[in-house]
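Visitor: I am new to this structure and would like a close look at one part of it. Could you walk me through how a helix packs against its neighbours there?

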Amino acid sequence: MYDKNNPSKLLLEVKNLKMYFPVLGGVLKKKIADVKAVDGVSFDLHEGETLGLVGESGCGKSTTGKCLINLNKATGGQILFHSNLSGELPVVAVKNKGHTIKVPPFSIPTELTVDIAQLNNDQMRPFRSEIQMIFQDPYASLNPRMTVSEIIMEPLTIHSANLSKQEMRDKVAWLMEKVGLSAEQANRYPHEFSGGQRQRVGIARALATNPRLVIADEPVSALDVSIQAQVINLMQDLQEEFGLTYIFIAHDLAVVEHISDRIAVMYLGNMVEIAETDELFKNPRHPYTRALLSAIPQPDPNIKKEQRIMLEGDVPTPLKKPSGCGFRTRCPIAREECAKSIPQMHEITSGHLCACPFHEEYKI
């Protein structure tokens, strides 16, 4: 388990990550602009830790997660992953100028640090066994033409060629039991399961290759509230048993508070605040974070609720971001200086970083 007083070694370092999507226009379909989905995000992650990534829809959370696993090719920045792969990697088939070339096995040292942002699909393949993803929609992320057994066995076939068919079947049955499903259900198809059960299948698939890092992209947002709690508790139990590290992407702050050791808040492609979970909820410093926390429903009528902070205006489009601080058009303490440059994250207290230079002047 992650201990904030004695943090384990770094597993991931993200430095100035950018992901721009080109906008094409005209008869010749030339690039006329960029959608700046992720615009300079930096953070680090320790082994065994759960980092919650929160923000409004469209702020770049899911895009960040897909960049970390190289499903989206980052436009800029570094994604430094401290891999445990060692020894000889298998032969990799690489396409070059229309011809397939087999790259011979090569050796890598223990604890190799690799920049994922610089890898192509073939180079990334050996590292996918260490980084897996749980997708948001349990209905769309499973192939309807494959049985549950085939779905969970697929990553084993790709990354564990040394296992026999029987060993793979045994591991599939073991994984299904681990996530709360019966091994007798292995030959069923996804449409025969409920939403919560399908998400459990997705979790089993993610765990098949014994990953060190799991990126969970809103894994419970499509589920009923009662099922959400079951899946969250399952993920926590699996983390404790297997020493997993999570990046948990969500917009539900109550869920993030329950599972995360630290929370990072994003707005319009930028990171605005990072802190330990208790510290962030007790002492939010950025105006956007304060507005988010004030919107959390309070189920107990006997507990006095903080004053609701109403933000004016709409979220700007990432196609035409405001100059300087992206939040300044809705910020209650914005100044002229906020339009001149993007504020950088600075440490307020130990482990608590904020991207607002005027946060101390904000009084509710």
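Predicted model: local features only at pLDDT ≥ 70, side-chain atom pairs only at ≥ 80, totals over all residues.

Residues are numbered from 1 along each chain as its sequence is written, and side-chain values use heavy atoms, with hydrogens and water left out.

The helices are DSSP runs (H or I, at least four residues), numbered from the N terminus. The axes of α3 (residues 148-159) and α5 come within 7 Å and cross at roughly 30 degrees; axes are lines fitted to C-alpha atoms over the stretch in contact, and angles run from 0 to 180 degrees between N-to-C directions. That makes α3 roughly parallel to α5, a label for angles under 35 degrees. The crossing of α3 past α5 is right-handed, meaning that the near helix is turned clockwise from the far one by less than a right angle.

Now turn to the other partner of α5. With α6, the packing angle is about 15 degrees and the axes are 10 Å apart, so α5 and α6 are also roughly parallel to each other. In this contact, Gly196, Gln199, Arg200, Ile203 and Leu207 in α5 meet Ile227, Gln230, Val231, Leu234, Met235 and Leu238 in α6. Seven of these residues are nonpolar, three polar and one charged.

Finally, α5 (195-207) and α6 (225-242) each supply at least two residues of the lining of the largest cavity. A cavity is a set of points on a 1 Å grid over the protein atoms alone where a 1.4 Å probe fits but cannot get out, and its lining residues have an atom within 4 Å of a point. Ile134, Ile203, Leu207, Val214, Met235, Leu238, Leu244 and Tyr246 form that lining, with eight nonpolar, no polar and no charged residues.

Technical notes. 1 Å grid on protein atoms, 1.4 Å probe; cavity = no way out; pocket = protein on both sides within 12 Å on 5 of 7 lines; lining within 4 Å. Nonpolar A, V, L, I, M, F, W, Y, C, P; charged D, E, K, R; others polar. Parallel < 35°, antiparallel > 145°, perpendicular 65-115°, else oblique. Contact = heavy atoms within 4.5 Å.
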